[in-house]
Amino acid sequence: MNTIPHWINGSPVSGTTTAPVFNPATGAEQARLVLGAAPEVDAAVQAAAAAFETWSESSLSQRTQVMFAFRQLLVEHEEELARIISAEHGKTVDDARGEITRGREVVEYVCGLGDVLKGSFSDQVSRGVDVHNFRQPLGVVAGITPFNFPAMVPLWMHPVAIATGNTFILKPSERDPSAANFVADLYQKAGLPDGVFNVVHGGKDAVDAILTHPGIEAVSFVGSTPIARYVHEQATAHGKRVQALGGAKNHAVVLPDADLEFAANHITAGAYGSAGERCMAVSVAVAVGDAADALVGILERKANEVQVGPGDRPGTEMGPLVTKAAQERVENAVGGAAAQGATVVVDGRGLKVEGHEDGFFTGPSLLDHVTTEMDAYKEELFGPVLAIVRAESLDQAIDLINANPYGNGTALFTASGEAARRFQRRIKVGMIGINVPVPVPMSYYSFGGWKDSLIGDNPIHGPEGVRFYTRPKVVTTRWPEPRQQVAAGFDFPTSN
Ligand code: NAD
């Protein structure tokens, strides 16, 4: 059986402790993953620290060339990478292509590194005195990433960190680790020096070694809220800069003036795409006023039409869940909702896919008359379950969303500009779609939620990412003319 190694200093590194990696569509173990801990993290830090000495001194043009080459390799190898992702995660190959494209856009953003990193200059702030600023890399930085986007979420981090002159250690999810090694190989082919990008696999032991290692300056984390909180606390306690993005419960509000067929189409895709395993998945539809009954009718029809199957079968719209445990958790949540009084309009439990009877499949589920007290509303289910909550007005819908502890994404379906403006100004959520169900920002904006969806205050990629991976310097300069005397004042300096 194939064993997936670490990638340290430009070479694969094996280990003795391993864990299984499954194919979710068949339920079969398909590889063993080496699990690292403190020694592997330390080896990666040593390699990355040595590489930092030269990489941080390379010119912007050299770094840009590597990013252009890396971007081109991501285009050329998209199909191969998409199939690797699909085989370990379960999502469809087309959906995996989508995540590669969105991740590649971050590489494209830093291909404009000269502009992205440009400082500013102020002439003559005092007589004969100028001021300019510039930003420098931090050193060795690390990323800890979730299973649901094994290519895109790391790509939110490492291109920005590396282009700005840092060296990087990635600790990917144990569930679908192969994309990280594939990307390491592409970086090497793109001409990135050894030691600049490293991969250490593992679970809590590897994470704890990263959070406490004195040689790591900053940690980027994306995953569930409890772990985001833990990472934020531990890493800040150890003097590191931290980005920590957490879980979500995303609401799509449908007003009676919306085109209900359009709204239902997009909500269905946003709820069941990637089997609901997206931090921006629509998990709650808030039906306002008399939109509710008609909307539920269309959603029911569309949920029943979703094509469920293995991710590499043409025509499949929704694949399996990532693990057997996830499948059981989601199916128990549907049962729990029914027990607490929700109406199960479409029941995805117990779905069997022909030829894949041991796969971790569950079908789309649609729950109506869900209330904010029910567990199915309160918990992040991270599966293909859409809950309908009813509200009397837009303002009531806004209050309901604002009372939810999460604040990652939200959407409003309406034909009213006034309603859209009121919604986007009052809602306590970081990423908002108006007639757009999954409003993931483009790479030249930054990605980040509010409240429990982002611990601390650092969003990811775009301008915020550049700021996160660099430190500013401000230089105040005077070049006196020969023999010019400038009075040296004992008072605090002011300009004149
Ligand atoms: P997870 O929190 O279980 O794992 C994330 C990472 O943390 C993995 O690398 C894992 O190995 C590590 N980890 C897990 N348990 C740990 C522990 N006890 N101590 C230290 N490290 C630990 O998340 P997941 O199940 O892989 O991913 C799904 C979650 O990620 C969902 O909650 C989803 O909303 C969230 N997510 C958020 C965003 C966002 O941008 N806000 C994006 C993608 C996913």
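**Stop 1: the largest cavity**

The largest cavity has a volume of about 110 Å³. A cavity here is a set of points on a 1 Å grid over the protein atoms alone, where a 1.4 Å probe fits but cannot get out. Its volume is the space filled by probe spheres set on the points, with grid points joined across faces, edges and corners.

Before you click on, two ground rules. This is a predicted model, in which local features need pLDDT of at least 70 and side-chain atom pairs count only at pLDDT 80 or more, while totals for chains, interfaces and linings use all residues. Residues are numbered from 1 along each chain as its sequence is written, and side-chain values use heavy atoms, with hydrogens and water left out.

Now select Gly276, Arg278, Ala281, Ser283 and Phe382. Of the 15 residues that line the largest cavity, these lie nearest its centre. Lining residues have an atom within 4 Å of a point. What classes make up the lining of the largest cavity? There are 8 nonpolar, 4 polar and 3 charged residues. Ala, Val, Leu, Ile, Met, Phe, Trp, Tyr, Cys and Pro count as nonpolar, Asp, Glu, Lys and Arg as charged, and the others, Gly among them, as polar.

**Stop 2: the second largest cavity**

The count comes to 4 cavities of 30 Å³ or more. Select part of its lining, including Trp7, Tyr187, Pro193 and Phe197. Then colour helix H7 (residues 178-189), which gives the most to this lining, with 3 residues. Helices (H or I, at least four residues) and strands (E, at least two) are DSSP runs, numbered from the N terminus. The lining of the second largest cavity divides into 7 nonpolar, 3 polar and 1 charged.

**Stop 3: two domains**

Colour domain 1 (2-246 + 453-475) and domain 2 (250-434) separately. These bounds come from an automatic or database domain assignment. The C-alpha centres of the two domains lie 31 Å apart.

The area buried between the domains is about 1700 Å², with 60% from carbon and sulfur atoms. Buried area is the accessible area (1.4 Å probe) that two parts lose on being put together, summed over both. Select Ala25, Thr92 and Ser453: they supply 28% of the area that domain 1 buries against domain 2, more than any other three residues.

**Stop 4: salt bridges**

How many salt bridges run between domain 1 and domain 2? The count is 1. A salt bridge is a side-chain nitrogen of Lys or Arg within 4 Å of a carboxyl oxygen of Asp or Glu. Select Arg278 again, together with Asp95: their side chains meet in a salt bridge (2.9 Å, N to O).

The count of salt bridges comes to 26. For another, select Glu108 and Arg104, paired at 3.6 Å, N to O. They are 4 residues apart in helix H4 (residues 93-111), so about one helical turn separates them.

**Stop 5: the largest pocket**

A pocket is an open set of points with protein on both sides within 12 Å along at least five of seven lines. The largest pocket has a volume of about 820 Å³. Select Pro146, Phe147, Gly223, Ser224 and Ile227, which lie nearest its centre among 32 lining residues. Next, colour helix H12 (324-339). H12 gives the most to the lining of the largest pocket, with 3 residues. This lining draws at least three residues from each of domain 1 and domain 2.
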